[in-house]
Amino acid sequence: MAVAGSHHLRQREFVHLADIKPRSNAYIAWERRRHRQAHWLVECIAEMMGVFFYVYAGVGSTASYLLSNVAELNGLGSLFQVGTAYALGILFAIVVCSSTSGGHFNPAVTIAFTIFKRVTPGKALRYIVAQILGAYIACLLVYVQWRDLIMEMTEILAAAGKLDAVLFTANGPAGIFAIYASPGMSLGRIFLNEFVCDFLLGLVIWACLDPTNFCAPPSVGPAVISFAYAVMVWGYSPVGVATNAARDVGARLMALTIWGLPAGGGSYAAIAALTNIPATLCAVAFYEFILADSSRVVTSVHAEFLAGHLAHEEHSQGVIRETSLSPGPDDKAHEQTIERV
């Protein structure tokens, strides 16, 4: 019989990388320090790099799209390309960085984990700062790489007398990085657009995290989440959709760095930066209380996935467990480790 608060993961034999790959004493010393003293820093770097992947891919593609439109050069970019770039950026982020940090890459997801999955507030704050920093660095780097063409775009718009009208819009130079409301659009309608898109994204993310979901094994989840983001970009970005507070705030800070206070975005900035947080929390609550069911069976691949993470957690802390049919003094610590995983 299942008991609330108890955990049952069958003990498995795992081969760790340290078992088959020789390492120098210096590397062993670093790993020991990283696991016990600097793991929080490594996790934050992974979160920063994950958002960097996502933003660098998407914003770089947006630069190509907008610059080609201004220069009236067909074929250099499209909305489909931009959505696909964001999707691939998210996929790269999850594949490269999620094993280290858990793969939040979004303040709304981090806050949801804090409320529903027992992530500590201190860790959540570190993650959110790292995520925003990753977006800021990515946008700044894209600006440096594209600067010559951005300045040429600015000159073309100035010569046509359009620069002041479009600079801080979705079709202007600053719009490559920060997200702006289209002229004449209702902020209420933009809020609805943002909320619905983020709510649906939150459902997809939580469904992929559900260990009883036979349709989304761990190896498939990253692709499902990535293309859910792409769908929102393809279908709803013309109305105005940010989907990620880190991407929005980091990019807006970068625009403020380059163009000053006028790049702030006005009232829309609050919608873009904050709406995805309550939308995601509503989605998580909806999934947990309506769609999830604790009586469902955990899939074999998810059980293997969770057991692997547990084995990594214990190995990194120097815990050696022996298979036993009777409870031992480490059972409480073992359950706490499972909670962290």
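Q: What makes the charged end of Arg252 count as sitting over the ring of Tyr180?
A: The charged end of Arg252 is 5.4 Å from the centre of the Tyr180 ring. A charge sits over a ring if NZ of Lys or CZ of Arg is within 6 Å of the ring centre and within 35 degrees of the ring normal. This is a predicted model, where local features need pLDDT of at least 70, side-chain atom pairs count only at pLDDT 80 or more, and totals for chains, interfaces and linings use all residues. Residues are numbered from 1 along each chain as its sequence is written, and side-chain values use heavy atoms, without hydrogens and water.

Q: Why is Gly50 called buried?
A: Its relative accessible area is 0%. Buried means under 20%, exposed over 50%, partly exposed in between (1.4 Å probe, protein chains only). Therefore Gly50 is buried.

Q: What makes Phe191 and Phe195 a tilted pair?
A: Their ring centres lie 6.0 Å apart, with the planes at 40°. Rings of Phe, Tyr and Trp (its six-membered ring) pair if their centres lie within 6.5 Å; planes under 30 degrees apart count as stacked, over 60 as edge-to-face and the rest as tilted. So this pair is tilted.

Q: Why does Phe195 count as partly exposed?
A: Phe195 has 24% relative accessibility.

Q: Why is Phe52 called buried?
A: Its relative accessible area is 16%. That is under the cut-off, so Phe52 is buried.
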